[in-house]
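This briefing is for a reader who has not seen the structure before. Please look through the sequence and the model below, then read the points that follow.

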Amino acid sequence: MQCLDSVRKQAKSLWSLVVGLRVTGDNMLRPQITVHYPRRTVESLEGYRGHVQLVGKPGDPAEPRCICCMMCVNSCPSACITVQVKEEAPPPPDPAAAAAPAATAKADAGATDWSERAQVHGGRLIPKTRDGQVPPPEPPAGADKPAGKAPAKAAGKGEDKAGDKPAKKAAKKAPGVWSLDFTLCSLCGTCVAVCPVDSLEYSSNVYLAGRSREAFSGMDLLARLRARAGAAPTSGEVAE
Amino acid sequence: MNLHTLAKSLGVALPLVQMVVGLVALAAFVGLNAVLLVWMERKVAGHFQRRPGPYEVGPWGLLQTVADAVKLVAKQLFTPPGGDRTLFWTAPFTAFLPVFVMLLPLPWSHTLTAFPVNLGLLLILAFAGLNVLALCLAGWGSNNKWALIGAARAVAQSVAYEIPLLLAVLAVVFLTGTLDLGLIVACQGDMPWEWLGASQPLAFVIYVVCAVAETNRAPFDLPEAESELTAGFHTEYSGMGFGLFFLAEYANMIVVSAVATTLFLGGWKGPVLPGPWWFLLKVYALIFLIMWFRWTYPRTRFDQLLNLAWKWLIPLALVNLLATAVLVELA
C-alpha cells in the first residue's frame, strides 16, 4: 500500500513537471515586456519615485501650494528639507498669523521644545516669528491631516475654509526658500505623505544626473518648479 | 566531389580520406554549432523571461557569440598555483576531443555518415564516458575546493546516470538487433508512429532524463552549480580553457540529441524534406526541449539527484528492458 501511495505521489509530481513546462511555454509565447531603450522609452513613469518636487497652484503653476506649515521639515528623518517663509508676505494678517503657531503650541499639552529638536535633527527650521517663539509643533502620529490643518485655520482667524484652500486665499505664507539636500534624502516619502495641501510629489525625472555631489546638496525646488512651469506647463519633467 | 578519385590521386585508402573529410566537416560543424547554440540558448532564455535576449551585435544579435569568442581567445591562460599543471591542461582537451569521435558514426541521411561502423552506438557510449574523466581531472588539477567538489559531484552523477541510460539504449538494441546506427534508423519509418519512440516511450523518457544529467545541464547542473560552487569544475579556467569546456558542453548536447533522434525519433527519416534537414530539425527540437527544461526547473538537490537515478530510473529501465526482452522473444 505504501509503495502504491509512493507511486501515486511520484506520478503527481511528474505531472507538475508538465505543468511547469506549460507555464514557461506560455510565457515564451507572450509579447515581450522589455523596451528597446535607446530607441524607445517607456510610456509612463507614473510609478517612478524620483526626488521630491513642489506642486504648483492650479491657477499659477509657477507658485507652489506650500503653506510653510513645516510638517515636512519636522517629519523628515534625514533632516534634508529647508523651508524659509517668504519675508514680503502681505502685512494685514501678519500679527494674527504670527501669534497662531504659538497659540497652538501652547494648546498642545505634549509640546516639547521644537527648536531644540530641530537642532538635534540638524534641519534648519526657520519660523516666521523672529522673537524666539516656538514653531508649530509636530502633530502626533496618526493625526497628520487634521492637525496639519489646524494651524492654517488658526492663522486664518475666523476665515472659514482657509484650511481647505489655503492656496486660494490671500497667500498668507509662501516659501521664500525651499531647498532639498538630495544627498541626504532617503526617499522615504514621509514629507509627501504628511503635506496637508498636497504640495509635494515625486519627480518622474529619471535622467537626474550631475557632475558633483554639490549639485544635489541644495536643490532649489522653487526654481525647479518655476523652470517646469515656464518650460512646459503640462509636462512633469524638470527642464534642466 | 568524388572521394574515390581523391583517394586514388592521393594514393591513400578510401576510408582514411572519408574520415579526414568527415572530421574536418565535423570540426567546422561543432564550431559553428557552438556559436549558434550559445546564441540560441540566450535567445531562448530571453524569450522565456519575456525579454529579447542579445540583439545589439549583428542581425538579431547573431554575432554576439562571435564577439564573446574573440574575447575568450584574447584572454590570458592562467594556471592556478599549487595545481597540477599537466592534469589541469589535459582536462579541457579530454572534454573536447572525444566529441569528434562521437559525432563520426552518426547517420545524417541514408548516405551521409562520416564513418559508418557496425558498432557505432557502442563507440559513442564508450567515448561519452571520457567526459567524466575530463571533469574529474579539471577538478583535481585546479587545487580549488569548489572545483574538487564539482568534480566529485560530476563523477557520482555520471556513474549513476550512465546505468539507466545504457539500459534504455539496450532496450532499443533488443528491438532492432543491431548496434549500427544506420541500421537502427532503417528499422524505423517516416511517420512518428513508426518511430522507436512510439514503441519504447519509457526508454525514450529515461534516455532524455539521463541525457540531460550526462551533459550536466539544468536541472542536473550540480557539477557547476554557480550558487554553491562558483563555477564548479571549471572555476579556475580562463580564456579558451573555459572555452573548450563550453564548446564540449554544447557539442555534447548535439551528440545526446542526435543519438536520441537516431534511436527514438526515426533519425533522418521524415516526409517531404530530404534526410539531413529532418535530422537537424529533430536534433534542434530536442535541444530546444533541453533548454526549455533549463529555464523551467530549479536545480535538484544532490540526494534527490541520486535518488532519482537509483530508486526510479534504474528499476524502471530494468523493468522496461525485461518487458522488451520478453516481447522480442515471443514475437
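**Exposure, helix packing and loops**

Trp60(B) is partly exposed, because 14 other C-beta atoms lie within 10 Å; a residue counts as buried with 20 or more other C-beta atoms within 10 Å of its own, as exposed with 12 or fewer, and as partly exposed in between, with C-beta atoms placed from the backbone. This is a predicted model, in which local features need pLDDT of at least 70 and side-chain atom pairs count only at pLDDT 80 or more, while totals for chains, interfaces and linings use all residues. Residues are numbered from 1 along each chain as its sequence is written, and chains are lettered from A and ligands numbered from 1 in the order in which they are written.

**Loop residues**

- Trp60(B) sits in the loop between helix H2 (14-48) and H3 of chain B; helices (H or I, at least four residues) and strands (E, at least two) are DSSP runs, numbered from the N terminus.
- The phi of Trp60(B) is near 55°, a positive value in a residue other than glycine.
- Asp198(A) also has a positive phi, near 50°, and is not glycine.
- The loop between helix H6 (190-194) and strand E5 (200-202) of chain A holds Asp198(A), which is exposed, with 10 other C-beta atoms within 10 Å.

**Gln76(B)**

- Gln76(B) belongs to the loop between helix H3 (64-74) and helix H4 (85-96) of chain B.
- With 6 other C-beta atoms within 10 Å, Gln76(B) is exposed.
- Leaving aside residues up to four places away in sequence, Gln76(B) touches Ser238(B) and Gly239(B); a contact means C-beta atoms, placed from the backbone, within 7 Å.
- Between Gln76(B) and Gly239(B) there are 6.1 Å in space, C-alpha to C-alpha, and 163 residues in sequence.

**Helices H8 and H11 of chain B**

- The axes of H8 (residues 145-176) and H11 (residues 201-214) of chain B come within 9 Å and cross at roughly 150°; axes are lines fitted to C-alpha atoms, for helices over the stretch in contact, and angles run from 0 to 180 degrees between N-to-C directions.
- H8(B) and H11(B) are therefore roughly antiparallel, a term for angles over 145 degrees.
- Residues of H8(B), including Tyr161(B) and Leu165(B), meet residues of H11(B), among them Ile206(B) and Tyr207(B).

**Chain A overall**

- Chain A has seven helices and six strands.
- Buried residues are 28% of the 240 residues in chain A.

Definitions and conventions
Contact = placed C-beta atoms within 7 Å. Parallel < 35°, antiparallel > 145°, perpendicular 65-115°, else oblique.
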